[in-house]
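Good morning, and thank you for coming. Please look at the sequence and the structure together as I speak.

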Amino acid sequence: MNALITRNYWSKKLFYLLTTIISLFFCEAILGQAPNIKTDSSFALFTAAGAISNTGSSVIWGDVGTYVGEYTGSQTVIGNIHVADSAAAKAAIDVMAVYSYMSGLSCDSIIDTPFGDSLVLVPDRVYCLTSASALNGKVILDAKGNSNGIFIIKINGALTTNTNSTVILKNSASFCNVYWQVAGAVDLGVNSTFKGTIIADGAISLLDNASLEGRALTRAGAISLYNNNVVGCNAFGESLPILLLSFNVHSVGKNTQLNWATSSEINNDYFTIQRSDDAILFQDILRIQAAGNSNVINNYSAFDKPPFNSETYYRLMQTDYDGNTTFSKIIAINFKSSLLFTVFPNPFKNSVTFVMDIDSEKLSCYELQLFNTMGDQVMNTMITEPLTSIETNNLCPGIYLYKIIAHNETIQSGCLISK
């Protein structure tokens with residue numbers, strides 16, 4: 001009898017324990033737990049069954065892969081390319097599992113279609129659209145200050161984003177915490193900006209100049225690109241930064257010329273040049289407007305006259321539209337007292353700029369002469385400002401020689417290329 005009572009006691013304890021575990025599991029799912037995309041996490045673009053193709057100039061940050069299909073096009077990939085290899089095989093299994101997981105999530109809110117028009121969504125809820133849907137204007141994902149807030153949107157059909165439509169992140173929302181399940185094909189419209197991980201059951205097309213911050217993953221269908229910018233998440237589920245190709249400084253007399261270049265930009269609001277005399281405490285000295293969203297190389301240049309007579313330190317701070325910032329490496333520079341002229345850009349197209357470290361009242365002594373390769377003088381003008389830009393629209397493409405003359409002596413000469 002006592003054995004029977006004991007057995008019943010432990011049976012009830014086990015039942016309650018299993019019930020608690022199952023309840024906790026389903027509660028997490030109901031609360032919109034982030035899908036575990038496993039090996040898919042490093043992919044910016046992946047299809048389990050379809051080709052990947054590109055037309056025009058596209059830049060992808062993150063891995064690109066297909067398990068069944070061809071890979072064609074000349075896009076720039078800052079990552080690895082996987083075609084029918086072991087990594088693609090694992091990713092194909094994982095994208096199937098993620099799609100099934102999201103299919104089992106219950107809806108907290110129903111959204112009418114078309115959606116957008118400044119619709120605001122908050123995190124940790126599962127939003128559902130019951131049919132094929134279109135995004136008009138903008139939809140705002142407001143994390144309410146919770147950088148770990150998860151957004152899950154399920155669409156029971158194809159998804160189309162209209163021209164110039166956009167997904168806006170607000171109050172610490174991260175595109176790596178946004179998930180879209182699409183039961184059909186996806187078409188990202190011309191000049192649209194989409195954010196989040198797409199888990200689709202159909203082809204994915206990025207139309208002309210559409211940009212994606214997140215991932216495009218499909219269990220069945222081709223992926224096509226056309227002059228696009230795709231910024232994925234890293235293996236830890238964190239967003240990738242703006243790709244800074246270069247940042248360098250050099251002295252122009254007692255001034256500093258700062259040059260930097262980016263190969264692509266997403267939501268890049270502006271750059272701030274910061275200066276320091278000890279590489280510890282920095283102050284903002286210049287603010288340069290950025291390109292915003294771009295998938296081409298952008299070159300930037302600025303000038304500074306530091307108050308320090310010895311070593312000076314510079315760094316570049318980049319600020320997104322949502323206020324997030326990243327920093328470049330710190331560069332040190334020592335100044336020389338000799339006179340130096342800097343000419344940029346070179347090659348040039350519509351204008352060329354000459355920069356010098358001299359007193360403005362002495363500028364009338366400097367003459368610029370420009371010659372073609374035949375030795376014919378094609379320009380003769382005075383340099384009248386510390387930073388002087390000269391229009392060159394009337395010059396044919398080719399190579400030119402320049403001389404800067406002071407008191408009938410050539411103090412600097414060089415080669416310029418007109419394109």
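Two strands pair if DSSP finds at least two bridges between them. Helices (H or I, at least four residues) and strands (E, at least two) are DSSP runs, numbered from the N terminus. This is a predicted model, in which local features need pLDDT of at least 70 and side-chain atom pairs count only at pLDDT 80 or more, while totals for chains, interfaces and linings use all residues. Residues are numbered from 1 along each chain as its sequence is written, and side-chain values use heavy atoms, with hydrogens and water left out.

I begin with an open sheet of three strands, ordered β30-β31-β34 with antiparallel pairing. β30 (341-344) and β34 (387-391) are at the edges and have a single partner strand each, so one side of each lacks a neighbour in the sheet. Strand β31, residues 351-356, is joined to β34 by five bridges. Within this pairing, F354 has T388 of β34 as its bridge partner.

I turn now to helix α2. This helix covers residues 86-103, 18 residues in total, and reaches 26 Å from its first C-alpha to its last, close to the expected 26 Å; the expected span is 1.5 Å times one less than the number of residues. Its buried residues (under 20% relative accessible area, 1.4 Å probe, protein chains only) include A88, A91, V95 and M102. At the N-terminal end, D85 caps α2, with a side-chain oxygen 3.3 Å from the backbone nitrogen of A87.

Finally, T312 lies in strand β27, residues 312-320. T312 is buried, with a relative accessible area of 0%.

Technical notes. Buried means under 20% relative accessible area, exposed over 50%, partly exposed in between (1.4 Å probe, protein chains only). A polar contact is a pair of N or O atoms within 3.5 Å; within protein, one must be able to donate a hydrogen and the other to accept it, and residues adjacent in sequence count only if both atoms are side-chain atoms.
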